[in-house]
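Hi,

Here is the structure I said I would pass on to you. Have a look at it first, and then read on for what turned up in it.

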Amino acid sequence: MGTIRKRPIRYPLIALSALGIVTAILMVNWNLWIGITYILIFIVFIVYAWKVEAITYTEIEKHIESLSFRMKKVGEEAFLEMPIGILLINDQFAIEWANPFMLQVLDTETLIGHDLFALSEGLYTLINQEQKSEMTITIRDRKYRVFYKKEEKLLYFFDVTEQVEMETQYFADQTVLAILFIDNYDELTSGMDDQSRSLTNTMVTSIINEWSAHYGIYAKRIASDRFIAVLNESILGELEQKRFSILDVMREKTIQKNLSLTLSVGIGTGSASLVELGQLAQSSLDLVLGRGGDQVAIKQPNGKLRFYGGKTNPVEKRTRVRARVISHALRDLIQDSDRVFVMGHKHPDMDSIGACVGVRKMAVMNEIDGYVVVNFDEVRGSVGRLMDEIKEKTDFYDCFITPEEALSKITSKSLVVVVDTHKPSMAVDQRLLSKTDKVVVIDHHRRGEEFIENPTLVYMEPYASSTAELVTELLEYQPQLEKLAMLEATALLSGIIVDTKSFTLRTGARTFEAASYLRTRGADTILIQRLLKEDVDTYVARSKIIQTVQFPHKGIAIANGEDNKTYDSVLIAQTADILLTMKDVSASFVIAHRSDGLIGISARSLGEVNVQLVMEKLGGGGHLTNAATQMEANSIDEVKTHLIEAINEIVEGSNEQ
């Protein structure tokens with residue numbers, strides 16, 4: 001409060017007095033007695049007004065002094081007695097003063113001279129962060145909201161334990177919706193008699209009901225192969241801690257009955273809207289089925305996803321119904337288009353280029369112009385030799401065009417087909433995807449978070465050995481106006497051979513059927529062997545990488561190239577394949593610098609380790625036994641550190657189940 005002036009100058013009374021004196025003088029000159037009477041009355045009035053003002057001022061002064069005293073007392077009580085902790089610190093972050101509440105919280109007589117950061121490690125983060133000046137920390141099992149005044153070196157502590165507990169309880173009780181899908185249920189039960197089907201149905205229902213009852217989940221069967229479940233965030237947290245052991249229970253119990261049933265679960269969380277939760281759950285389930293099933297996907301409104309499971313290879317389908325349906329739908333899309341543009345992924349391999357050749361052939365079979373979009377600067381190795389063969393021995397080499405040529409030819413009526421990838425960032429040129437509303441995706445990789453937006457048709461089968469196998473099956477149901485040429489069949493078969501490592505990995509009955517079909521159409525296996533040959537320099541470079549091999553876990557091998565040298569992506573992948581053939585190696589990872597400035601990792605597995613999950617943690621993806629990623633980093637060692645952390649997380653999580 002400011003100082004109070006004891007005797008202020010009363011300007012209004014002085015002015016009034018002066019005016020009265022002047023008036024009295026004038027009235028005396030006019031009439032003596034009237035003037036004297038006026039002067040006496042005026043003097044009485046002035047004395048009375050002066051006295052009233054003095055009394056009023058004295059009362060105001062007393063009121064202000066009383067208010068000042070009370071405010072000071074309230075301030076002292078708030079500072080010393082209210083349940084708010086206050087600390088003053090010095091430049092060395094030692095405590096210089098603490099109010100009684102803070103002493104009571106810490107059950108001590110003094111804090112002067114104590115290190116601030118000894119109270120809580122969170123205070124170090126608060127003091128050193130630039131933007132935020134508040135955070136919640138824990139002191140002796142109580143939650144405090146701490147505000148830091150940097151200039152005054154002052155900290156306020158507000159006890160928010162009850163508030164945090166209420167918020168925690170609120171979020172724990174939020175509704176979560178899940179859709180459970182029994183993989184292959186209809187296919188496996190279609191050939192059963194009524195009794196066997198009833199027993200299978202009872203077994204599946206019993207497994208789901210026991211699981212839901214154990215965790216307090218409401219589950220209801222809504223179709224022969226589908227359940228809907230209602231739970232809350234607290235229960236979901238328990239399920240995540242157990243890494244959804246229901247997946248293993250379903251798989252193991254059905255195997256005992258000579259069935260291969262697995263469970264796919266899509267979960268929607270993080271929204272107060274039941275409609276949005278249902279949409280998130282269905283979207284998650286679609287994603288899981290696109291990744292091969294036997295997994296759980298949890299999706300939030302912001303698009304963030306969490307995956308669990310996926311430890312087994314997806315089960316091969318036993319009918320070609322889906323292939324025939326997709327082929328007929330693709331035929332209709334081709335016939336309704338003016339041109340067909342097909343592209344694979346950047347740095348194409350034999351599977352990508354072979355699938356492109358096959359899809360272009362579908363366009364020709366439907367009498368529509370087809371083009372393969374290729375970045376010729378990225379074509380090398382076996383793919384380059386195949387392109388040379390096509391250029392010398394066929395008349396459709398001109399159908400291979402650059403992205404710029406494709407952009408000049410494409411129209412809104414054109415069809416774009418993306419093969420061997422479903423990520424727009426991996427496509428040869430994602431600008432083509434925005435030039436038309438008709439986009440088709442054909443891929444054999446498990447679906448990742450990144451996906452081409454609003455495709456017209458999606459054919460993703462993770463059980464397939466390669467995209468070339470899928471395209472070969474689709475070709476069989478296209479109009480046979482023109483037969484496959486020898487080099488077209490050879491390109492498709494070479495894609496299958498490369499991706500299956502000569503029919504040793506991810507090979508099913510359908511793979512051999514596709515290969516048989518291509519052989520009958522003239523595929524040349526001798527030419528394939530010649531195309532896949534490598535030079536001595538490549539062999540030596542691969543051997544030098546293998547010399548660096550390390551084993552962070554039993555059966556898991558990591559090798560790397562040199563920091564000052566770039567490597568072809570195909571060579572990196574081949575090295576991972578070679579490592580996998582060695583004794584006691586069940587998973588291999590190869591790290592090396594790429595020509596595009598990124599550091600690439602190629603991962604391979606025999607199935608015991610899900611390398612797709614490892615690569616997804618580093619921003620990549622792929623298949624359970626075949627995956628990759630590319631990272632921006634300063635050195636091989638930096639990437640290797642991140643890789644080992646991801647491997648540890650996956651391996652330790654697998655051991656917990």
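In what sense do β1 and β5 pair, and over how many bridges? They pair in the antiparallel sense, over 5 bridges. Before I go further, please keep in mind that this is a predicted model.

Some overall figures to get you started. The protein has 22 helices and 23 strands. Of its 657 residues, 48% are buried. If you take the contacts between residues at least 6 apart in sequence, 64% of them join residues at least 24 apart.

**The sheet with β1 and β5**

Back to that pair of strands. β1 and β5 belong to an open sheet of 5 strands, and the order across it is β2-β1-β5-β4-β3, with antiparallel pairing. The edges are taken by β2 (95–98) and β3 (134–139); each has a single partner strand, so one side of each has no neighbour in the sheet. From one strand to the next, the twist averages 30°.

You can walk through the pairs one at a time. β1 covers residues 84–89 and pairs with β2 in the antiparallel sense over 3 bridges. In that pairing, I89 stands opposite I95 of β2. On the β5 side, I84 stands opposite F158. β5 is also joined to β4, by 6 bridges, and these two run antiparallel as well. Here Y144 faces D159 of β5. β4 and β5 form a hairpin with 4 residues between them, and K153 in the turn has a positive phi of about 55°.

So what packs on this sheet, and which strands does it touch? It is helix α5 (residues 161–172), which touches β4 (142–149) and β5 (154–159). The direction of α5 makes about 115° with that of β4.

While you are in this part of the chain, take a look at T125, which lies in helix α4 (residues 122–128). T125 is partly exposed, with a relative accessible area of 42%. From T125 to M135 is 10 residues in sequence and 9.0 Å in space, C-alpha to C-alpha.

**A second sheet, with mixed pairing**

There is also an open sheet of 6 strands, in the order β7-β8-β6-β9-β10-β11, and its pairing is mixed. Which strands stand at its edges? They are β7 (218–223) and β11 (305–309), and each has a single partner strand, so one side of each is left without a neighbour in the sheet. Neighbouring strands here are turned by 20° against each other on average, if you ignore direction.

A219 stands opposite A229 of β8. This sheet has a helix on it too: α8 (residues 233–241) lies across β6 (175–183), β8, β9 (262–268), β10 (295–299) and β11. α8 runs at about 110° to β8.

Next, go to α19 (residues 536–546) and α20 (residues 569–580). They pack at an angle of about 60°, and their axes are 10 Å apart. That angle makes α19 oblique to α20. The crossing of α19 past α20 is right-handed.

Which residues make the contact? From α19 they are T538, A541, R542, I545 and I546, and from α20 they are L571, Q574, T575, I578 and L579. By type, the residues of this contact divide into 6 nonpolar, 3 polar and 1 charged.

**Two loop residues with positive phi**

Last, a couple of backbone details. N454 has a phi near 50°, a positive value in a residue other than glycine. You will find N454 in the loop between β16 (439–443) and β17 (457–460). Is N454 buried or exposed? N454 is exposed, with a relative accessible area of 61%.

F503 is another non-glycine residue with a positive phi, near 65°. F503 sits in the loop between α16 (486–499) and α17 (509–520). The relative accessible area of F503 is 26%, which makes it partly exposed.

That is what I have for you. Write back if you want to go through any of it together.

Best wishes

Technical notes
Residues numbered from 1 in each chain as written. Predicted model: local features only at pLDDT ≥ 70, side-chain atom pairs only at ≥ 80, totals over all residues. Heavy atoms only, no water. Pairing = 2+ DSSP bridges. Axes fitted to C-alpha atoms, helices over the stretch in contact; angles between N-to-C directions. Contact = heavy atoms within 4.5 Å. Parallel < 35°, antiparallel > 145°, perpendicular 65-115°, else oblique. Left-handed = near helix turned anticlockwise from the far one by under 90°. Nonpolar A, V, L, I, M, F, W, Y, C, P; charged D, E, K, R; others polar. Buried < 20%, exposed > 50% of the residue type's maximum accessible area, 1.4 Å probe, protein only.
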